[in-house]
Amino acid sequence: MSTNPELFPAIGSVVDQTQKLPVEAQTVEVTLDEERPVQEIESLCMRCEQQGVTRLLLTSIPYFREIIVMSFRCEHCGFSNNEVQSAGSIRPEGAVYTVRVLAREDLDRQIVKSNTCTVEIPEFELTIPPGRGQLTTIEGLIRDIIIDLGADQPLRRIESPAAYEKIESILSRCRDIVGDDEEEGADENATGEVKAPKRASEMDAPLQPFTIRLDDPAGNSFVEFVGSMADPKWNLRTYHRTREQNIALGLIAPDEPAPEASAEAQGGEQKEGEEQQGEPLLNENEEIFTFPGTCSSCGHPCNTNIKKVNIPYFKDVLIMSTNCDKCGYRDNEVKSGAAISPQGKRITLKVEDREDLSRDILKSESCGMSIPEIELVLQAGTLGGRFTTLEGILDQIYEELSDKVFASGDSRSDKDSFEQFLKKLKAVKNVEHPFTLILDDPLANSYLQNIYAPDPDPNMTIEMYDRTWEQNEELGLNDMKVEGYEADAQQPSAEGEKTESAKTDGSKDEAKSS
């Protein structure tokens, strides 16, 4: 056991320490001097069954956590392998890292991929399932894809031409990224000196932008950001694991009941007791309505589920969810389930810490949203109706804006200015400084949770105002009449009868004169 208090030094300090040692002393057996950074262990080669060498490096990645880098090489047959394992515990939440590769220097970003991580490249329609852990770069990941997919291409060309063409289109796009005109057919197990390929970041060829997404339920993967976590090309989103993911990670047994189930059962028994005592339930809107429809993406039949929900200290709302089993299209929206308010509502919230990000927010489709500190203004109708948290809606705004702007062909100056705006938006999303959130809804169908309810919230002000004629006209309220319309309906009929009688009298007079 090492007596060094810093068991996992930063990777930069490991490099400095290694450079100070003579070449023959940079690696050492595990039982010898513990001050040397890389440890060597003799281990069996699974290919030729001779003795090879496994090197272990215990290090930590800045802004991430501790990892163990393992490298094996057999001098007898030339077989080599490397792997990365997390040295920390499983994180309480899963993590999704998203990086948009817009320039060749982005290919040098470091990637830590754990054995539970799924890698996606949406532009290539490519998904890499969980496998062995890796410490590499985006360029290294692309080269691994070329080697792994290209290995069986000659066989696929004969057995399955359709699969061959599909995979070849992915390989050609990957080769354009790393700048390889020829196939990466070099045998990784070949002996002798292997010529290192030219780094893709040093090439002058144009780069087609693409996106790398790492989804790790264990939260032990990482993608390097540039400068700080406000990097506009880099985004991190955490999420709560599902029961299936917890089972796959070994956190719960497959036959172990979910803790929510027992709580719901106890709650159900309590509700039954309340009903027996004759007390009405607080939430009577438990029924879910299903309406058949057509998927707007693929045109196949799909169902839309609608549920009425009562929000405390607000009103009833309708939550609508659509999920297509054919193409995977999903959509959800929230609409008001109550009458139109006679006045509009303006909600102003002073956000001072991360606790405010957990507030529930209902943004209706008629609501506009603004953050004056970063000059962000969302017009009514943007994002539709949403029932989420403040953190969730800021994440969605960031993803929507970054997807559309980075995918567009605007000039470099426009992209640079928008990258600065996205940095400000990410700083707001992380509450690096206080900011003001304003919700303006002419129909008063939006809601922001008051965490001090029923007492007033010191950081939130709610202002009711009279709508202008233009707002009523835009909402179609000027021509809407829901009371006293019977008299208006009878008035045109009476006028019609007078006109008909006048025509009849006129015809009689003409007959008499003739």
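Tutor: Let us start with pairing: two strands pair if DSSP finds at least two bridges between them. The model before us is predicted. In it, the bridge partner of Phe291 in β15 is Thr304.

Student: How do you know that β14 and β15 are paired, and in which direction do they run?

Tutor: Seven bridges join β14 to strand β15 (residues 301-310), and the two run antiparallel. The criterion asks for at least two bridges, so β14 and β15 count as paired.

Student: What makes β14 and β17 edge strands?

Tutor: β14 (288-294) and β17 (330-336) each pair on one side only. They belong to an open sheet of four strands, in the order β14-β15-β16-β17, with antiparallel pairing. From one strand to the next, the twist averages 25°.

Student: Why is the contact between Glu139 and Arg143 called a salt bridge?

Tutor: The closest N and O atoms of Glu139 and Arg143 are 3.1 Å apart. The cut-off is 4 Å, so the pair qualifies as a salt bridge. Both residues lie in helix α2, four residues apart, which is about one turn of the helix.

Student: What makes Lys335 and Glu365 a salt bridge, and where do the two residues lie?

Tutor: Their side chains meet at 2.8 Å, N to O, and the cut-off is 4 Å. The pair links distant parts of the chain, 30 residues apart: Lys335 is in strand β17, and Glu365 is in the loop between β19 (360-363) and β20 (368-371).

Student: What do Asp395 and Lys429 tie together?

Tutor: Asp395 forms a salt bridge with Lys429, with the closest N and O atoms 3.2 Å apart. Asp395 lies in helix α7 (residues 390-407) and Lys429 in helix α8 (residues 412-429), so the bridge ties together parts that are 34 residues apart in sequence. Asp395 is buried, at 13% relative accessible area, and Lys429 is buried, at 5%.

Student: How many salt bridges does a search of the whole structure find?

Tutor: The search finds 19 salt bridges. Asp106, Arg109, Asp231 and Lys233 are linked in a network of such bridges.

Student: Turning to the aromatic rings, why is the pair of Phe124 and Phe210 called stacked?

Tutor: The planes of Phe124 and Phe210 are 25° apart, and the centres are 6.0 Å apart. Phe124 lies in the loop between β8 and β9 (126-128) and Phe210 in strand β11, 86 residues apart. Phe124 is buried, at 5%, as is Phe210, at 2%.

Student: What makes the pair of Phe418 and Phe421 tilted?

Tutor: Their centres are 5.4 Å apart, with 55° between the planes. Phe418, at 23% relative accessible area, is partly exposed, whereas Phe421, at 16%, counts as buried.

Student: Which residues do ring pairs link into a cluster?

Tutor: The cluster contains Tyr97, Phe222, Phe225 and Trp234. In the whole structure, a search finds seven aromatic pairs.

Student: Finally, which residues have the most contacts inside the largest nonpolar core?

Tutor: That core has 37 residues, and those with the most contacts inside it are Val101, Ile121, Ile138, Ile142, Phe210, Ile212 and Leu214. Helix α4 gives the most to this core, with six residues. Apart from it lies another core, of 27 residues, including Ile371, Leu390, Phe421 and Leu425.

Technical notes:
Residues numbered from 1 in each chain as written. Predicted model: local features only at pLDDT ≥ 70, side-chain atom pairs only at ≥ 80, totals over all residues. Heavy atoms only, no water. Core = buried A, V, L, I, M, F, W, Y, C linked by side-chain atoms within 4.5 Å. Buried < 20%, exposed > 50% of the residue type's maximum accessible area, 1.4 Å probe, protein only. Axes fitted to C-alpha atoms, helices over the stretch in contact; angles between N-to-C directions. Phe/Tyr/Trp six-rings, centres within 6.5 Å; stacked < 30°, edge-to-face > 60°.
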